[in-house]
Amino acid sequence: MGRLTLQGKVIIRGEAQGEALVSREPLSFWGGYDWMTGEIIDRRHMLSGAIARDRIFAVPFTRGSSTTTAVLLEAIRAKTAPAALITTDVDFFFALASVIADELYDAPLPLVALAENEFTRLKTGDKIHISANGTITVII
Amino acid sequence: MSLSLTSRDHEMLRGDHGPATKMAMSILVRMAEVSGANELLDIVGAHIDSTVYIGEAGLEFAERLANLGAKVAVPTTLNVSGLDEYHWQEWAVPSEWAKQAYRQMAAYQNMGTIPTWTCAPYQTEMKPKFGQQIAWGESNAIVFANSVIGARTERYPDLFDICCAITGRAPAIGLHLTENRAGQLLFQLVDIPTQIQQRDDFYPVLGNLIGKLSLDKIPVIHGMAVKPGEDQLKAFGAGAASSGGVALFHMIGITPEAQTLEEAIQGKSPIQTIEVTMDMLRDSRRELTHTGTDELHMVVLGSPHFSLAEFKHLAPLVQGKRKHPNVKFLVTSSRAMTQLAQRAGYLEPLAAFGAQLTVDTCILTSPMLPEEIRYLMTNSAKFAYYSPGLLQKQIAFGSLEDCVNSAVEGRVIREETAWAD
């Protein structure tokens with residue numbers, strides 16, 4: 001049993017586990033995510049310099065550029081993407097990258113949406129498990 | 001409610017219209033389901049941002065579609081690519097990268113699209129009309145089409161725009177629907193002097209501020225004392241779509257769905273009213289500069305792509321002057337626009353000044369700048385916003401006049417009087 005269980009809405013089904021990286025502000029992946037390394041490179045962003053690769057990346061939604069999808073798709077192919085994404089609503093840009101990764105590489109990225117008041121309970125460093133039905137368990 | 005498809009949609013999904021249409025429709029349907037659409041709607045045009053070369057995955061997607069015989073079903077313009085097709089060798093673009101970027105250009109061009117290669121398709125003859133349903137990618141183009149023209153597109157990402165173009169369909173969601181176009185945040189300009197509102201650099205500064213405060217909400221700007229021109233609205237939108245996810249704004253008395261405040265908010269109440277003061281604008285202007293020095297290696301103009309009117313404005317500013325030998329001066333635009341500027345005689349003073357022109361692409365989408373160029377200056381909020389992260393370069397923001405004067409001096413200089421306390 002974890003110390004906290006939250007029920008998210010499945011946007012793209014999948015199971016994932018990892019250490020959380022939590023952003024309180026949105027991010028454009030174009031100019032914000034280096035798909036060669038998984039580093040957050042928006043120098044005006046609160047997480048500038050953090051590595052999101054293989055982590056459970058919680059980011060409320062995407063801002064700015066419509067190239068965010070293409071950058072996330074490159075990251076999935078290059079295996080520098082987060083292990084899963086948690087947002088506060090359906091994020092079309094993230095969902096599309098996952099759908100196309102499924103189409104091209106049979107590698108959809110799990111995507112779960114949490115209500116805003118529950119999203120704020122996640123903290124960077126939490127060990128998180130996401131189940132296929134959208135249950136998010138904070139293990140430690 | 002679940003997604004209901006027409007018999008023609010089902011034909012496309014089954015593969016009756018060929019394998020590329022099947023692939024595009026299957027992505028479209030999955031995304032329509034994810035976003036809770038009840039149906040798809042017909043579009044009359046598309047603008048493809050997927051042309052920007054990012055890496056292998058995007059190229060594999062484009063070539064998969066092209067090899068399956070993809071053809072667009074509606075008139076479709078192309079955004080910038082990763083290359084100035086005929087002049088990339090003059091810059092630092094690695095030839096291996098150029099080869100891949102060129103393959104991606106060819107893949108999209110072979111789908112029956114119109115090779116406009118510009119991020120300002122709303123300044124071409126393919127510009128949509130008020131009320132038309134379209135599927136556009138490219139954040140600055142989306143916000144312009146929705147706000148300034150009153151055409152209707154959701155904020156579509158790369159790779160989805162082409163699926164809409166191939167099928168001629170889009171999910172009936174978001175900004176396609178009247179009820180979702182009501183303004184949500186009311187920004188009231190408070191004591192912003194008319195002479196500030198007349199300045200070109202007011203618009204990117206205001207856009208950067210409104211984008212940051214609006215995020216994904218629809219802002220309404222109330223209290224404008226002047227009627228901004230097309231290029232000023234373009235600079236505003238590009239700024240708001242960089243610092244935020246703004247896909248539609250209303251300016252009372254100026255944009256077509258906002259003749260009155262009542263119309264802009266569709267009789268609803270705004271979530272919040274925010275006063276915009278000179279202090280907030282000064283902060284926003286300061287934030288657009290991301291450098292601690294007045295060193296200058298290059299002035300970059302043209303994000304979004306320079307228009308004919310902008311060339312016309314720039315030409316007399318550089319007339320009879322010469323840029324400093326240590327500073328480069330680059331304008332990015334479309335092929336069509338530079339040809340018009342050439343015919344109008346606006347390019348001669350630029351050439352004499354020592355300016356260079358790049359078409360089809362820009363500094364953000366092509367790895368064209370050599371490493372030794374580290375300090376940039378621009379009048380564009382979009383260049384200012386993205387250059388530090390994407391290019392790892394320092395950038396200073398100023399007016400067009402500041403940019404020209406700095407290029408002559410060889411270091412960043414700005415006329416501060418108008419913005420001073």
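**Figure 1. Helix α2 of chain B, residues 19-34, in a predicted model.** Helices (H or I, at least four residues) and strands (E, at least two) are DSSP runs, numbered from the N terminus. α2(B) holds 16 residues and reaches 23 Å from first to last C-alpha. That is close to the expected 22 Å, where the expected span is 1.5 Å times one less than the number of residues. Buried positions include B:Ala20, B:Met23, B:Ile27, B:Leu28, B:Met31 and B:Val34; buried means 20 or more other C-beta atoms, placed from the backbone, within 10 Å of the residue's own. B:Gly36 follows α2(B), with a positive phi near 75°.

**Figure 2. Chain B as a whole.** Chain B has 16 helices and 14 strands. Its C-alpha atoms fill a box of roughly 65 × 55 × 35 Å along the principal axes. Of its 421 residues, 53% count as buried. The radius of gyration, 22 Å, agrees with the value near 22 Å for a compact globule of 421 residues; it is taken over C-alpha atoms, and the rule is 2.2 Å times the number of residues to the power 0.38.

**Figure 3. Where chain A touches chain B.** The contact takes 31 residues from chain A and 38 from chain B; residues are in contact if their C-beta atoms, placed from the backbone, lie within 7 Å. On the chain A side, α1 (68-78) and α2 (92-105) each give two or more residues. α2(A) supplies the largest share, eight residues.

**Conventions.** Residues are numbered from 1 along each chain as its sequence is written, and chains are lettered from A and ligands numbered from 1 in written order. Local features need pLDDT of at least 70 and side-chain atom pairs 80 or more, while totals for chains, interfaces and linings use all residues.

Methods:
Buried ≥ 20, exposed ≤ 12 C-beta atoms within 10 Å, placed from the backbone. Contact = placed C-beta atoms within 7 Å.
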